[in-house]
There are 2 protein chains.
Amino acid sequence: MKKEKLHLEKVLERVQPHIHRTPVLSSSLLNEMAETDLWFKCENFQKMGAFKMRGATNAILKLSEEKKSKGVITHSSGNFAQALSLAAKSLNVPAYIVMPDTAPEVKKAAVRTYSGKITECPSTIKDREETANQIQEETGATFIHPSNDIDVILGQGTAAMELLQDHPDLDYIVCPVGGGGLIAGTALAAKFFGKNCKCIGGEPIEADDAWRSLKSGKIETNDSAETIADGLKTQLGDQNFPIILENVDEIIRVSEEEIKSALRLIWERMKIIVEPSSAVPLAAVLKEKDKFKNKQVGIIISGGNVDLSSLSF
Amino acid sequence: MKKEKLHLEKVLERVQPHIHRTPVLSSSLLNEMAETDLWFKCENFQKMGAFKMRGATNAILKLSEEKKSKGVITHSSGNFAQALSLAAKSLNVPAYIVMPDTAPEVKKAAVRTYSGKITECPSTIKDREETANQIQEETGATFIHPSNDIDVILGQGTAAMELLQDHPDLDYIVCPVGGGGLIAGTALAAKFFGKNCKCIGGEPIEADDAWRSLKSGKIETNDSAETIADGLKTQLGDQNFPIILENVDEIIRVSEEEIKSALRLIWERMKIIVEPSSAVPLAAVLKEKDKFKNKQVGIIISGGNVDLSSLSF
C-alpha cells in the first residue's frame, strides 16, 4: 500500500509541469442549499478544458523514448481525443486519433487544432478497433485507452490529490462515473492522501452501468444511455473495475431533471461553464442531503467543453 | 497623495471581511492571441456576481450607527440595486430600492431575495429622483449613488488593489467604463499601489460618452446607447470625472462585433460566465495589440449576472 502511495506521488510530480493546477472554488449559496461545505475542483479550467489532460499526459510521459518517437493512438470522439492530441503535441509526440465519421465537425476541428492526425471510420466499436489496429501496425504507435489504462487512471487521480493538498480534511470526494478512469484514480487518491476520506460516484440513472456493476460484482453494460451527461455513457473496464470495487464507497444515481437542475445552479450561481457530466456529483449531493450534511465535501468538476454555438451572441 | 494611499488601504481593510477575495485567472490561449500576459480579476465570482458589492459595502460601513439604523436608498435597475440590498442585509441595515416599473421581473426578484424593499415608479430620471426623495423624507435613509459617490468609488478600487497585491508588476489595468465608479477607483489603485501602472478604460463605440468627456474636458452624455454591454450605458458624474480626467491614461473604444467576439472567447476559452460589459476590456486589448504587446496586463472582469433562461437545459 505504501508503494502505491509513493507511486501516485511520482505521478503528480511527473505531470504537474505539463498541466494547470486548477483552482478550487466554493459558493456560499450552494453551501447553504446543501447544508454542507462544498469544494469544487475546477477541471473545466484545465488545459483543453477537462481532467483527461492529466491521464493522457501521464500515459505519454511513461513511454520509452523509442515508443514516444513512434507516437500514440486512441479511438474517441470526445475529450480524450483532444487531450491525447494536445498532450502529445506539447511533448512533441505524434498522435493518431480514430474518430467515427459521424463525429461533429466541431470535435474534429478541435483535434486538428491540437495537431492530432484523424482517421475516420464507421461508428461501430468493431470498425474503430480494426482501424486503430491497422494504424498501429503501420506506424508502431502505442494504443492508449481513454479510461482503462493504469497510467491514465493514476494521472486522473492527480486532480483529487491536489484537492486534498488544498483541503486535507475532506470527508468525501464525489466525482462522475463514465468509463471509470476518473473515479478509480480519485478513489486511490482519497485512500492514500485523505484522512478517512470516502470516494463516492455520481451516475445518471439513464446510464447506471457502474451502479449495477458494483451490485453484481461484474462489469455491466448500458442497453441505452439517453442522458444529457454525454461523457458518462461509456462502461467500466477490467483495469479500473477492480480498483473501483475495492475503493469506491457508493454510487448515487440521479435523474435527468436532477442533473439539469444542478447544471443550472453551477452556471447561474458559480458563474462557470461546465459540461453536463460535471453537474452529476452536485446532483448526487443535493439528492442525498442527509448523508453529506455538515461534512467537508470535495467535488470534481470534470470539464467545460460544451458547444456554445446556440448562444445568441 | 500619501494620505489618499493610506485612505485606500483602510477601505480594503474595512470591506475585506464582508466580500470575497476573487481569484485571478489566466488563459494561455488568450495570452497567445494577445501576445501579452493577461491577468483576469474575476469579479463575476464576487458576492451577488459583480464588483458593485465592494462599493456598496464600503459606503454602508462608512455611515454612522444612527444613519445605518435608518437605512440606505438608491435608484438602479441593475447590479447596484442587488449589491446595495445584499450588502445592507449582511450588515443588518434596511435597503430601499427605487426601480422603474419596466424593470424585468428577474431583476426585481433578485433584489427581493436580498431583502431590498422595492418601490416602483415610471422609468424617467425625474420620476426616479422624486420617488427616492420622497422615501428619504419618510424614512431618513441615506441616498447612495451607484457610481458618483467617493466611498463607492474607493470601494470599487479594492478589486484592482487585490489584483496588484497578486501581480505587483502590472504595466496596465484595463477596465470597463460605465458610470465611472469602477474606473475612477481602479485608476487610484493603479496610481498608489502599482509600479508605474497605467489605467486604461474600454468603452463601447455605441456609448462613448466617457471617451468624448476625456476629449472635451466636460461630462458628455449619450444620445442613444445601443450596445450589448448594457452595464455601460450610464454617464460619468461630478465626483468621479475629475479623478478619471487626472488618472486615466486613455479610453479605447470598441465595436459591438469586437465586444461579442471577446465575450465568446471568454466563455468558450476561459469557461467562465461573464456579462457583456466584462468583455469590453479584452476587446480593447485585442484591438490595440501593439500597445499591450509583451506587457503585464490586468483586466477587471466586472461581473457575471446574465439571464441564462434562454439556454436549452
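The model is predicted, so local features need pLDDT of at least 70 and side-chain atom pairs pLDDT 80 or more, whereas totals for chains, interfaces and linings use all residues. Residues are numbered from 1 along each chain as its sequence is written, chains are lettered from A and ligands numbered from 1 in the order written, and side-chain values use heavy atoms, without hydrogens and water.

Glu35(A) is located in the loop between α2 (28-34) and β2 (37-42) of chain A, where helices (H or I, at least four residues) and strands (E, at least two) are DSSP runs numbered from the N terminus. Its phi is near 50°, a positive value in a residue other than glycine. Most residues other than glycine have a negative phi. Lys271(A), also not a glycine, has a positive phi of about 60°. Lys271(A) belongs to the loop between α12 (256-270) and α13 (276-287) of chain A and is buried, with a relative accessible area of 8%.

In an unreviewed UniProt entry, residues 15-303 of chain A are annotated as "domain: Tryptophan synthase beta chain-like PALP"; such annotations may be inferred rather than shown by experiment, and feature names are shortened. This span is 47% helix and 17% strand, and its end C-alpha atoms lie 18 Å apart.

In chain B, helix α12 (residues 256-270) packs against helix α13 (residues 280-287) at an angle of about 110°, with the axes 8 Å apart. Axes are lines fitted to C-alpha atoms over the stretch in contact, and angles run from 0 to 180 degrees between N-to-C directions. α12(B) and α13(B) are therefore roughly perpendicular, the class for 65 to 115 degrees. Contact, meaning heavy atoms within 4.5 Å, joins residues including Ile259(B) and Leu265(B) of α12(B) with residues including Val280(B) and Leu286(B) of α13(B).

Helix α6 (residues 105-113) of chain B has the buried residues Lys108(B), Ala110(B) and Val111(B). They lie on the same side of α6(B), because they cover an arc of only 160° around the axis, taken from the directions from the helix axis to the C-beta atoms. The buried residues of α6(B) pack against α5 (79-90), β4 (95-100) and β5 (117-121) of chain B. On the face turned away from the buried side, α6(B) carries the exposed residues Val106(B) and Thr113(B). Ser115(B), with a positive phi near 65°, follows α6(B).

Definitions and conventions. Buried < 20%, exposed > 50% of the residue type's maximum accessible area, 1.4 Å probe, protein only. Parallel < 35°, antiparallel > 145°, perpendicular 65-115°, else oblique.
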